[in-house]
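Trainee: I should like to learn how to read the features of a protein model one at a time. Could we begin with the model itself?

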Amino acid sequence: MSEVAVLERAHVAAPAPWTPQRVRSVRRWTDHLFSFAIDRPEDFRFRSGEFVMIGLPSLDGAGKPTLRAYSIASPSWSDELEFFSIRVEDGPLTSRLVDIRPGDEVLLGNKPTGTLVLDALKAGRRLFLIGTGTGLAPWLSVTRDPETYERFEQVVVTHTVRQVADLAYRDFLQAELFDDPLVGEVAQGRLTYYPTVTREAFERPGRITDRIRSGAFFDDLGLERRFDPASDRVMLCGSTAMIREVAALLESHGLSEGSNAEPGDYVLERAFVG
Ligand SMILES: Cc1cc2nc3c(=O)[nH]c(=O)nc-3n(C[C@H](O)[C@H](O)[C@H](O)COP(=O)(O)OP(=O)(O)OC[C@H]3O[C@@H](n4cnc5c(N)ncnc54)[C@H](O)[C@@H]3O)c2cc1C
């Protein structure tokens, strides 16, 4: 290779690990929770339950973009990519992301990844998807994937939040999902939505950990008061505190953590500290 060619090659920048994508829609649930959907590039492949980096360019356009991990709330067959986001006061990304509108651009990472996927679980009969706050996002993906119902007879989605208004997607999980042309019929009678609220009066008050520990969770579902390692599989997503507590409970019931390399009885993803 000539000296000029070597120099030219050295100046060719590596492709960016993200691409700009157009915002299709935005939905605001409360002043601190919102969802948005963006175009899905044709070559963007992911498994239901995975996360990807989402971001915005630097404010002056010259510096590094601000990117954060986000669970994809759409199932793997969808032609758009939906996300469910918190707005953190003074958060480097979300204090700006909260203002996006249809037609704006956000940056989408090229490499979805994660452990909240069916492949990381052994075969089972019942699937428990336990989420707090925006940790509901991967369940919106997994519950819309037909493979979930091929692998499991019963699917339980829990969502624990502080205020009733934070129960985003409540109508979707209670009713609209059952009209979904792809999974609506198979989900009928097999998918149970189990919301709990910690800081306001609600039909099911309290933290999910307390309800599991007291047995109320199992009683409500008409199940025996324990997770069964032979048939129960669990995914956890949300606050570090909830994940630590539920994972310890699952271990005490004889369930073992799985991974993509070695499927197990439960998998987890810490989405935020708190
Ligand atoms: C694997 C993974 C998946 C994630 N998926 C999502 C998702 O689907 N939706 C989402 O909103 N966030 C998700 N997060 C968190 C996300 O990456 C950012 O932290 C969040 O968007 C805030 O970004 P920020 O720059 O505004 O503030 P940051 O500087 O990133 O966060 C500031 C502080 O806010 C708190 N915080 C951050 N995210 C949350 C949250 N989601 N709920 C409650 N408190 C939070 C934490 O205490 C954190 O220290 C995920 C994180 C990981 C690691």
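**Reading the features of the model**

Mentor: Helices (DSSP runs of H or I, at least four residues) and strands (runs of E, at least two) are numbered from the N terminus. The model is predicted, and local features need pLDDT of at least 70, side-chain atom pairs count only at pLDDT 80 or more, and totals for chains, interfaces and linings use all residues. Residues are numbered from 1 along each chain as its sequence is written, and side-chain values use heavy atoms, with hydrogens and water left out.

Trainee: Is Arg211 buried or exposed, and which residues does Arg211 touch?

Mentor: Buried means under 20% relative accessible area, exposed over 50%, and partly exposed in between, with a 1.4 Å probe and protein chains only. Arg211 is buried because its relative accessible area is 12%. A contact is a pair of heavy atoms within 4.5 Å. Not counting residues up to four places away in sequence, Arg211 touches Tyr194, Thr196, Arg204, Pro205, Ala216, Phe217 and Asp220.

Trainee: How does one judge the span of a helix, with H9 as the case?

Mentor: The expected span is 1.5 Å times one less than the number of residues in the helix. Helix H9 covers residues 240–252, so its 13 residues should span 18 Å, and the 18 Å between its end C-alpha atoms agrees.

Trainee: Which residues of H9 are buried, and what covers the buried residues of H9?

Mentor: They are Thr240, Met242, Ile243, Val246, Ala247, Leu249 and Leu250. Their cover includes strands S7 (126–132), S10 (232–239) and S11 (266–272), together with helix H7 (208–214). After H9 comes Gly254, with a positive phi near 95 degrees.

Trainee: How should a positive phi be read in other residues?

Mentor: Most residues other than glycine have a negative phi. Asp90, which is not a glycine, has a positive phi of about 70 degrees. Asp90 is placed in the loop between S5 and helix H2 (94–97), and counts as exposed because its relative accessibility is 70%. Tyr169 also has a positive phi, near 70 degrees, in a residue other than glycine. Its place is the loop between strand S8 (154–161) and helix H5 (170–174). Tyr169 counts as buried because its relative accessibility is 6%.

Trainee: In what order do the six strands of the open sheet lie?

Mentor: Strands of a sheet pair through backbone hydrogen bonds, either parallel or antiparallel. Here, two strands pair if DSSP finds at least two bridges between them. The order of the open sheet is S4-S3-S6-S1-S2-S5, with antiparallel pairing. S4 and strand S5 (80–86) are the edge strands, each pairing on one side only. From one strand to the next, the twist averages 40 degrees; axes are lines fitted to C-alpha atoms, for helices over the stretch in contact, and angles run from 0 to 180 degrees between N-to-C directions.

Trainee: How many bridges join S3 to S4, and how many join S3 to S6?

Mentor: Six bridges link strand S3 (residues 51–56) with strand S4 (residues 66–71) in antiparallel fashion. Within S4, Arg68 is the bridge partner of Ile54, and Ala69 is that of Met53. Two bridges connect S3 with strand S6 (residues 105–109), also running antiparallel, and there Gly55 has Leu107 as its partner.

Trainee: With which strands does S1 pair?

Mentor: Strand S1 (residues 18–30) is joined to S6 by five bridges, running antiparallel, with Thr19 opposite Leu108. S1 also pairs with strand S2 (residues 33–39) over six bridges in the antiparallel sense, where Val23 has Ile38 as its partner. A hairpin of two residues connects S1 to S2.
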